[in-house]
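Hi,

Here is the structure I promised to pass on. Have a look at it, and then read on for what turned up.

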Amino acid sequence: MVIPWIGFPLAGVIKRAQPQGNAKFVAFETLKRPSQMPGQRGLFQPLDWPYVEGLRLDEAVHPLTILAVGLYDQDLPNQNGAPLRLVVPWKYGFKGIKSIVRISLVAEMPPTSWNKQNPNEYGFYSNVNPEVDHPRWSQKTERKIGEGGLFAQRHPTLPFNGYADQVANLYAGMDLRKFF
């Protein structure tokens, strides 16, 4: 999605935390408050709460990775992840964890919510390669928001969501079919 986010670089927060040499990943945890968030309660929950997401440290300190506090010149509404949401524009949407209450610098790859729920569909790297289909749908094309709804013309999905010039170096030497 192309959204005019308001935020600040995650790199600044990480720098202030002064990561130790063994920190290789950043883990994020969302708010768990079922009394206010009805989607977190009930018998048939697809995910364990709190929601957890993660990035490699080099992905997290990239200048395009931001912590959003607003969009469209407004404060971030609750439904869009207030008070703080992760935005990693070259990654698939489930990496954009909402309502962040904890950020941890960790040595090991954090077990993320969707990857724990269904590792065959949701890889840690968020499938930055449109040539690797999701098991239930193709990711080779996409529709742009605001261009005619469900029947809008589809466009080829670009590698790294169109940010290849800026971020492909982060994945140099990786098999992006295996590490999706």
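This is a predicted model: local features need pLDDT of at least 70, side-chain atom pairs count only at pLDDT 80 or more; totals for chains, interfaces and linings use all residues.

The lining is made up of Y92, F94, E121, Y122, G123, S126, N127, H134, Q139 and F180. Sorted by class, that gives four nonpolar residues, five polar ones and one charged. The volume of the largest cavity is about 60 Å³, and the count of cavities of 30 Å³ or more comes to one.

F180 is a handy way into the next spot, P119. You'll find P119 in the loop that runs between α3 (113–117) and β8 (141–142). Leaving out residues up to four places away in sequence, P119 touches W114 and F180. P119 and F180 sit 61 residues apart along the chain, yet 10.0 Å separates their C-alpha atoms. Is P119 buried, exposed or something in between? Its relative accessible area is 45%, so P119 counts as partly exposed, given that buried means under 20% and exposed over 50%.

Stepping back to the whole chain: how many helices and strands does it have? There are four helices and nine strands, and starting at the N terminus they follow the order β-α-β-β-α-β-β-β-β-α-β-β-α. The radius of gyration is 17 Å, close to the 16 Å that the globule rule gives for 180 residues, so the chain is as compact as a globular protein of that length. Along the principal axes, its C-alpha atoms fill a box of roughly 40 × 40 × 35 Å.

A few more figures to round out the picture. Of the 180 residues, 38% count as buried. As for contacts between residues at least 6 apart in sequence, 64% of them join residues that are at least 24 apart.

Happy browsing!

Conventions
Residues are numbered from 1 along each chain as its sequence is written. Side-chain values use heavy atoms; hydrogens and water are left out. Helices (H or I, at least four residues) and strands (E, at least two) are DSSP runs, numbered from the N terminus. The radius of gyration is taken over C-alpha atoms; the globule rule is 2.2 Å times the number of residues to the power 0.38. Buried means under 20% relative accessible area, exposed over 50%, partly exposed in between (1.4 Å probe, protein chains only). Contact means heavy atoms within 4.5 Å. On a 1 Å grid over the protein atoms alone, a cavity is a set of points where a 1.4 Å probe fits but cannot get out, and a pocket is an open set with protein on both sides within 12 Å along at least five of seven lines; lining residues have an atom within 4 Å of a point. Grid points are joined across faces, edges and corners, and a volume is the space filled by probe spheres set on the points. Ala, Val, Leu, Ile, Met, Phe, Trp, Tyr, Cys and Pro count as nonpolar, Asp, Glu, Lys and Arg as charged, and the others, Gly among them, as polar.
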